Amino acid sequence: MIRSIVFGLISLLITAAALAQAQAGKVEVTWLGQSAFRITTPTGKVIVTDPWLRTNPKTPPEFRKLENFGKIDLLLVSHGHADHIADAPALALMYDTPLRAPGDLNNALMTLGVLPARLLPRMNKGGTFELTPGIKVTAVRAEHSSIYIWHNPATDKDETHPGGEPFGWIIELENGFRIYFAGDTAVFGDMKPIGERYKPDLALLPIGGLTTMDPADAAWAAKELIKPKAVIPMHYGINPLAKGTAKEFVDAMGASPIKVIVAEPGQVLAF
Ligand SMILES: [Zn+2]
């Protein structure tokens with residue numbers, strides 16, 4: 001009797017420990033529309049990419065309220081276009097989180113007085129930033145452009161400022177899980193060494209076309225160059241001139257062994 005109770009307790013404890021471990025080991029990825037993602041790491045750090053949220057038609061209402069993030073440990077912006085940087089300065093100030101972006105873009109933000117220098121670390125392609133032991137972010141190439149449009153309050157006019165060179169990001173988490181966030185980009189040959197060097201578990205790829213890869217190009221890049229374990233399409237369904245759809249991407253991926261995940265905005269995907 002006592003023996004069976006003890007065995008029962010032990011098996012309960014083992015189950016609870018296994019469950020806790022499984023929970024702790026999870027990477028959670030939530031698409032917030034366009035190229036905005038919230039990524040929660042296995043130890044609970046919160047990473048946000050390209051936050052265009054408050055006026056993004058695809059962003060779920062709860063994420064349009066910037067205070068609802070609770071905390072942001074790492075804020076990544078790929079380039080200076082408004083649909084990527086829009087709410088980043090406000091989030092950097094709200095959460096006192098440095099804005100990790102192309103160094104020359106950050107320099108423009110500093111001289112314009114958009115953010116204080118302490119929130120504008122410099123970084124460039126090839127550089128790696130370590131948030132905490134185990135969480136490493138490397139800036140890689142993206143084939144795109146970058147400007148920053150700033151509204152000058154003195155003249156009440158918009159001005160165009162240099163936005164540095166656009167980045168993609170390799171995000172490595174505590175458990176070794178690697179995400180390739182491609183930013184806005186065309187297909188380029190160096191996606192192959194990026195895939196070989198970093199072996200991403202998950203690639204987040206733009207598919208809208210016109211200003212980035214279209215579904216056929218993105219599928220070709222995933223299958224022939226990057227070869228991640230899984231891929232989530234992003235940067236589509238908003239600009240009516242960028243017509244790429246998730247269905248076209250899924251069709252173009254065909255019978256590839258790469259897992260294609262079409263995320264719904266707000267849906268929490270666990271890896
Ligand atoms: Zn862009």
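Let's start at the metal. The site of the zinc ion is irregular, with angles of 86 to 174 degrees among its four donor atoms. Donors here are N, O and S atoms within 2.8 Å of the metal; water is not among the atoms, so the site may look incomplete.

A word on the source. This is a predicted model, with local features needing pLDDT of at least 70, side-chain atom pairs pLDDT 80 or more, and totals using all residues. Numbering runs from 1 along each chain, and side-chain values use heavy atoms, without hydrogens and water.

Who are the donors? His79 (NE2), His81 (ND1), His144 (NE2) and Asp184 (OD), at 2.1 to 2.4 Å. Along the chain the spacing reads H-x1-H-x62-H-x39-D. His81 sits in the loop between strand 4 (74-76) and helix 3 (82-85), and His144 in the loop between strand 7 (135-141) and strand 8 (147-152), so the pair ties together parts 63 residues apart in sequence. Helices and strands are DSSP runs, of at least four residues (H or I) and at least two (E).

Buried or exposed? His81 is buried, at 19% relative accessible area. His144 is partly exposed, at 22%. The cut-offs: buried is under 20%, exposed over 50%, partly exposed in between, with a 1.4 Å probe and protein chains only.

Now the whole protein. It has eight helices and 15 strands. Of its 271 residues, 49% count as buried. Its C-alpha atoms fill a box of roughly 85 × 45 × 35 Å along the principal axes.

Definitions and conventions: Donors = N, O, S within 2.8 Å, 3.2 Å for Na, K, Ca; no water. Tetrahedral: all angles 85-135°; square planar, octahedral: opposite > 155°, others 65-115°.
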